[in-house]
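Here is a friendly briefing to read with the model open in your viewer. It starts at a pocket and then moves on to the helix packing around it.

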Amino acid sequence: MRTYKKAAALLLALATGAFSLQAQAEKIGVIDVQAVFQQLPQAAAIESSINAEFKDRIEEVQRLQTDIKYYIDKQQRESTTMGDKEKKELEGKLRALSAEYQEKAKPLETELRRRKAEEQNRLLGMIKDSVDKIGKAEKYDIILQSTAVVYLNNEADNLSQKVIETVSKMK
C-alpha cells in the first residue's frame, strides 16, 4: 500500500511538472539522432576509411578463419583414412592456426571498436553543435530526442532533416 501511495505521489509530481513545463516552453523541437547519424555522408565515409585503415589486418584474420575451416573440414572428411602421424600433424596445425587467430583477431576487434567509437563520438559532437546552432537560430526553447516524444503536432518541429543538411556541410 505504501509503495502504491509513493508511486501515485511520484506520478502526480511528474504530471504537474510536465504541465508546468508545457506552460513555460513555447517552442519545442524534436530530432531523431539515430536516423540523422545513419543518413549522414560522413558516417559512410568513416566506415570506409576505417575499413581501409585496417584492411590488411582484416584480410589476414579472414585468411586465418578460412584456413582453420579448411583444416577442420579436412579433419572431419579424412579422419578415418588418416594415420596417427597425419592426425597429429593436422591437430598441431589447427592448434597453431587457432592460437595465431586468437592472437590477431581479439586485438583487431578491440582496436576497430575503439576507432569506430572515436569517429562516432566526433560525428555526434558535430550533430550536437548543429542542433545547438539550429535551436538558437530558430529560437527553440527545448529540443528533445524523438524517442522521448510520443506525439508531435507540427512536423515542422522535427529538426532531423535540417540537422542532416547542416552536418553534411561540415567537415
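In this predicted model, the second largest pocket is lined by Ile31, Val33, Leu124, Ile127, Lys128, Val131, Asp132, Gly135, Lys136, Ile143, Leu144 and Gln145. Helix 5 and strand 2 (142-145) are the elements that give two or more residues to that lining.

- Helix 5 supplies the largest share of the lining, with 7 residues.
- Sorted by class, the lining holds 7 nonpolar, 2 polar and 3 charged residues.

**Helix 5 with helix 6**
- Helix 6 spans residues 160-169, and its axis comes within 9 Å of that of helix 5, the two crossing at roughly 120 degrees.
- The crossing of this pair is right-handed.
- On the helix 5 side, the residues in contact are Leu123, Met126, Ile127, Ser130, Val131 and Ile134, and they meet Lys162, Val163, Thr166 and Val167 of helix 6.
- This contact is made up of 7 nonpolar, 2 polar and 1 charged residues.

**Helix 5 with helix 3**
- Helix 3 and helix 5 cross in a right-handed sense.
- From helix 3 come Gln42, Ala43, Ile46, Glu47, Ile50 and Glu53, which meet Leu112, Arg115, Lys116, Glu119, Arg122, Leu123 and Met126 of helix 5.
- By class, this contact counts 6 nonpolar, 1 polar and 6 charged residues.

**Helix 5 with helix 4**
- Helix 4 runs over residues 55-78; its axis and that of helix 5 come within 9 Å and cross at roughly 150 degrees.
- That angle makes helix 4 roughly antiparallel to helix 5.
- The handedness of this crossing is left-handed, whereas helix 3 crosses helix 5 in a right-handed way.
- The residues of the contact between helix 4 and helix 5 divide into 14 nonpolar, 3 polar and 10 charged.

Notes: Residues numbered from 1 in each chain as written. Predicted model: local features only at pLDDT ≥ 70, side-chain atom pairs only at ≥ 80, totals over all residues. Heavy atoms only, no water. Left-handed = near helix turned anticlockwise from the far one by under 90°. Helix = DSSP H or I, 4+ residues; strand = E, 2+ residues; numbered from the N terminus. Contact = heavy atoms within 4.5 Å. Nonpolar A, V, L, I, M, F, W, Y, C, P; charged D, E, K, R; others polar. 1 Å grid on protein atoms, 1.4 Å probe; cavity = no way out; pocket = protein on both sides within 12 Å on 5 of 7 lines; lining within 4 Å. Axes fitted to C-alpha atoms, helices over the stretch in contact; angles between N-to-C directions. Parallel < 35°, antiparallel > 145°, perpendicular 65-115°, else oblique.
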